[in-house]
Amino acid sequence: MIRLIERELKRAVKAVLSPAIEAAGVNDRALSGPLADTGRWTILTYHRIIEHDDADPYRSGMSVRADRFRAQLEYIASRFDVRPVHEAAALFYGGRAGPKPLLSISFDDGYLDNLELAAPILSSVGLPASFYITVGGLDAPVPFWWDRLIHAVRTGTRREPIGATELGLPGPDHRWSTAPLARGDLMRALVAAIWQLPEAEVEPTVARIRAALGGDDAPGPTLPPRMDRNGVRALHALGFEIGAHAVNHVNLCLRDGDALRSEFADSRSELEAMLGVPVPGFAYPGGRLDAPVVECARALGFAYSLTTESGQNDRDADPMRLRRIGAPDAPMADFKRAFARALAREAAPAARSAA
Ligand SMILES: [Zn+2]
């Protein structure tokens with residue numbers, strides 16, 4: 001409860017201070033140095049673009065509202081040389097970047113809103129972007145497990161606390177409140193726990209959680225659809241780069257040998273066969289990577305691969321381990337502040353969203 005009050009207080013203070021700080025030009029001054037640095041390449045990460053806040057009630061870190069997305073793009077367009085990731089990589093590592101700093105816009109996972117909401121806004125502002133698609137089940141895609149979990153937490157009718165042991169999660173029997181205001185914390189704890197499970201246990205655990213919470217599968221704004229094959233083709237036909245994001249969106253660190261290689265090679269060959277063009281790029285699912293995962297991407301000849309490690313890239317950056325900055329779902333003043341902080345940071349821990 002104390003934490004909830006603290007969070008609300010912080011939000012109220014920010015709502016008052018943020019516009020004042022922006023009006024005083026503090027954000028623009030903080031950004032002026034990093035933005036002038038043409039020796040660095042910035043890659044932004046998005047997942048979902050939503051029309052209303054209720055599509056992401058717990059602020060999962062994966063959604064940006066469409067009006068905010070447009071404002072962010074307009075800001076970016078005036079200050080950066082915006083290129084698709086594969087093109088920016090060639091310019092950057094080839095020492096051919098222009099007088100403006102390079103920036104790329106990336107989207108992970110393959111949500112239908114990328115085609116229906118993000119693409120029209122990108123086109124109207126005149127910016128390119130690169131979309132990384134998980135290819136498993138593209139013929140009849142079902143929502144991702146974390147979205148089904150968020151939906152179950154959102155729709156669940158249970159009132160009493162829920163325990164880790166009851167849900168089959170390893171470790172101590174932590175108990176979480178299911179009170180409406182505590183459900184965001186419950187969702188974050190469950191998503192983090194499931195990422196650590198062996199692959200075979202993910203689906204049964206999500207089903208167990210849904211049953212324990214009394215959640216449903218009825219369509220709603222918190223159960224976002226994925227693009228199918230035609231959607232990916234349509235996005236590509238609009239001129240956007242398509243990259244691979246594995247076959248199964250699994251934690252690649254839990255795989256090795258052929259089971260690891262196939263997540264890279266099969267997702268690439270599937271997209272290349274669908275689109276009839278080379279697919280040079282990959283984004284590690286959930287930002288989960290270790291040395292064998294990175295070396296697998298390199299050995300299979302990808303031109304580059306994207307992490308969720310936060311920061312910019314300089315010319316010494318390993319192209320198989322490119323850093324990105326997660327775009328916040330925030331008004332411009334807060335976006336600029338978060339952006340300035342991220343740009344100024346040399347190395348920072350991974351900012352992790354659900355996927
Ligand atoms: Zn992902």
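Reply: Let's start with contacts: among those in the protein chain with a separation of 6 or more, 70% join residues 24 or more positions apart. Two residues count as in contact if their C-beta atoms, placed from the backbone, lie within 7 Å. Please keep in mind that this is a predicted model, in which local features need pLDDT of at least 70 and side-chain atom pairs count only at pLDDT 80 or more, while totals for chains, interfaces and linings use all residues. Residue numbers run from 1 along each chain as its sequence is written.

Now for the interior. Of the 355 residues in the protein chain, 40% are buried. Buried here means 20 or more other C-beta atoms within 10 Å of the residue's own, exposed means 12 or fewer, and partly exposed is in between, with C-beta atoms placed from the backbone. A nonpolar core is then a set of buried Ala, Val, Leu, Ile, Met, Phe, Trp, Tyr and Cys residues joined through C-beta atoms within 7 Å.

The largest such core has 61 residues, and F131, I133, L235 and I242 touch the most other members. Helix α5 (residues 112–125) gives the most to this core, with five residues. Helices are DSSP runs of H or I with at least four residues, strands are runs of E with at least two, and both are numbered from the N terminus. Let's zoom in on F131: leaving out residues up to four places away in sequence, F131 touches F107, G110, N114, L235, F240, E241, I242 and G243.

Another core, of 16 residues, lies apart from the largest one, and includes L149, V153, L167 and L190. Helix α6 (residues 145–155) and helix α7 (residues 183–195) pack with their axes 10 Å apart, at an angle of about 150 degrees. The contact is made by W146, L149, I150 and V153 of α6 and by R183, L186, M187, L190 and V191 of α7. Axes are lines fitted to C-alpha atoms, for helices over the stretch in contact, and angles run from 0 to 180 degrees between N-to-C directions. The two helices, α6 and α7, are therefore roughly antiparallel, a label for angles over 145 degrees, with under 35 being roughly parallel, 65 to 115 roughly perpendicular and the rest oblique.
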